[in-house]
Structures are given as C-alpha cells and as structure tokens.
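Reader: I would like to go through the terms used for this model and see what each one rests on. Please set each value against its definition.

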Amino acid sequence: MKESVAVSFIISYYNLDCYLLERTIHSILNISNGIDYEIIVIDDGTKDSRAEECVLTFNNDKIIYYYQQNGGLSAARNAGIQLASKEYIQFVDADDYLFKDGYTECLKILSSVHPDLLQFSLKRVWGKESVLESKFVDNKFKIWDGVQFMVHHTLSCAACGYCFRKAILGDVRFVKGIYQEDEEFSPRLFLKAKTFVKTQIQAYAYYQRENSITGSTEFTHIEKRFADLKIVIKSMIRNRESASDKFVKIALSRRVDQLALAYIYNALELGPNFNYVTDKLDDMKAIGLYPLPFKNYSFRYVTFNLLSRNKLLLRLMRIFIKR
C-alpha cells in the first residue's frame, strides 16, 4: 500500500459463542499488516458475558472492549462510532468475518483513492470454520458521487458492506429500536459521499446462522419488521420533502419507491394469508405508494410494478414466491 490506511473496526457483539467473536477478530488481524487500526468490541449487554475474557486473550492494546446495557444493534454501533478514532469506519457483526484477499484489495483502493465511501460484496458462508480466501474475481472499480449513484442505481444498504470516512457522518446515526436500521442509515450516509467507490470484490463473509434475528419467522417479529420498514419509508419521505437539492430529491424518491416494492414483496413472502397482503397494500396506498409509481428504474421494478396492480396476479406471485 502506498500510504497507511487508518480503520476503526467496530464489532457489535451480543450473546454469541465466543468462538465466533474470536474468529471475527482473527480475520481482522489477518489483514492488519501495514495499516493503522483499532478493533472496538461493543458488548450490548450480554448476561454473564465472557467476551471481555476473549478480548484479553489476544493481549493486544489495539483491541478495545466496551460493555453497555442492552440497547440493540443500533445502540451498539452508535457507541462504536462515538469511540472510533481512525479515519475510516468498518462495521463487522460478531458472527461474521473478513476475507483476507478481498479486504486487502479494498485497503489498497482506500490507500490510492481515499474515497469517502467504498462498497464491496458480501458472500454468504456456512459453518464455524473460517474461510480466509474469497477468491474474488474482479477488482475493477468505478468512482461515483454518492447522490448521482443513488439517482441511477438501486442501493445495497447493508452497513457491513462498505467502509466509510468518519468525517462525512455529521449527525447521521442509527435509529435505535428498529430492525431495519441499515435501510434508514445507509441512504443518508451515501448522500454525503462526494467520492464513492463501487467494487464487486468479495471482502466480507456473511455467516448464515439459524437463530439470527433476520431469519425469524415468528409472527410478532414479522409484524415488527413491517412496522419498522414503514417507519423508514416515512423517514425517507420526510427527508425528501425537506431536501433543497433537486438530485437529492430524485435519489430519495427512488429509494422510497424501492422500499415500497420491498414492503409489498415481503408481504407476499411472509404474510400468513392473502388478507394480510391486502392490509399491507393498504398501508402503502395510505402514503401514496400503491400502486407503485411508474418509473423505469430496472426491469425487475417495472415488471413487479405491473404485476402487483392486479390482485389475481398478486395471488399467483404469492404462490410462486412461497414455493
């Protein structure tokens, strides 16, 4: 690397096997040569936690352990942001890890380009044995302005899927108490990125865990997901209405429309019956998002938009999605 890159790796930890946390930390240490780094482990109120013992076994003063009362993933990440002292921030969930080859390539780009934000690909992994190499294929990249990217592309919002400069954050923080925190946080951050690097490098291992929050099929959990997504959509609408820049308004309109599509698709996939689906359609209709606005965002959006306008086709889509 031409110049040293300074990165704060923020690990959100709650009630996990310490082996997984150790795996996460090891993966960061594997790519830490030649960079200025710190690893901040935020323990979000784990009862009888052994995480601090795990951190101490590394005997590394660059690994910081911080315990707080349980407040959820958003609160943990916000605490990590507050503690972070390096130029860039990288979120890593405590059951995930970084691929050495892929993330090293990302660090090279950070060193040479110094973007406000760099996005890479997440790869799903199974099993507790870590895979150090992702065997990434393409390390080509393109530089965008964050607003213009959102105007022309559908945004991938996973907060662990990018590294960003702390200085661009301003007052942007994760909303506490919601499951869809990334969907609310990431668009606001991308709008602040004057230089955004988009890569296809596989740099992050997304561990597939059976009892994860995102995989829960309990009805109360599903209901909260919909309630939280509606909160995010309304927040994006308010941000759009208050924006003075024309392109920011266009970018947020695209994001709102994509979230409305996700809301309807999730209703088809997760709803216990078709009456539940129609209730969720009424939710979107009440805020002017059903039927979906006619926009030529992508083939997927246009196709889903047309099909979703007909109740019979919606029923058929539901059968197909649930197969």
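Author: On a 1 Å grid over the protein atoms alone, a cavity is a set of points where a 1.4 Å probe fits but cannot get out, while a pocket is an open set with protein on both sides within 12 Å along at least five of seven lines; a lining residue has an atom within 4 Å of a point. The model is predicted, so local features need pLDDT of at least 70 and side-chain atom pairs pLDDT 80 or more, whereas totals for chains, interfaces and linings use all residues. Residues are numbered from 1 along each chain as its sequence is written, and side-chain values use heavy atoms, without hydrogens and water.

Reader: Which residues line the largest cavity?

Author: They are Met150, His153, Thr154, Leu155, Ala251, Arg254, Arg255 and Gln258. Helix α8 (residues 246–270) gives the most, with four residues; a helix here is a DSSP run of H or I with at least four residues, numbered from the N terminus. The space in this cavity is about 40 Å³, a volume being the space filled by probe spheres set on the points. The count of cavities of 30 Å³ or more comes to one.

Reader: What makes up the lining of the largest cavity by class?

Author: Three residues are nonpolar, three polar and two charged. Ala, Val, Leu, Ile, Met, Phe, Trp, Tyr, Cys and Pro count as nonpolar, Asp, Glu, Lys and Arg as charged, and the others, Gly among them, as polar.

Reader: Why are α7 and α9 called roughly parallel?

Author: The axes of α7 (residues 219–242) and α9 (residues 274–286) cross at roughly 15° and come within 11 Å. Axes are lines fitted to C-alpha atoms, for helices over the stretch in contact, and angles run from 0 to 180 degrees between N-to-C directions. Angles under 35 degrees count as roughly parallel, and α7 and α9 are therefore roughly parallel to each other. Their contact (heavy atoms within 4.5 Å) involves Phe219, Ile222 and Phe226 of α7, among others, and residues of α9 including Tyr276 and Met284. By class, the contact residues of α7 and α9 are six nonpolar, no polar and four charged.

Reader: How do you know how α6 lies relative to α7?

Author: Helix α6 (residues 181–190) packs against α7 at about 25°, with the axes 9 Å apart. That angle makes α6 roughly parallel to α7. Glu183, Glu184, Pro187 and Arg188 in α6 meet Val232, Ser235, Met236 and Asn239 in α7.

Notes: Helix = DSSP H or I, 4+ residues; strand = E, 2+ residues; numbered from the N terminus. Parallel < 35°, antiparallel > 145°, perpendicular 65-115°, else oblique.
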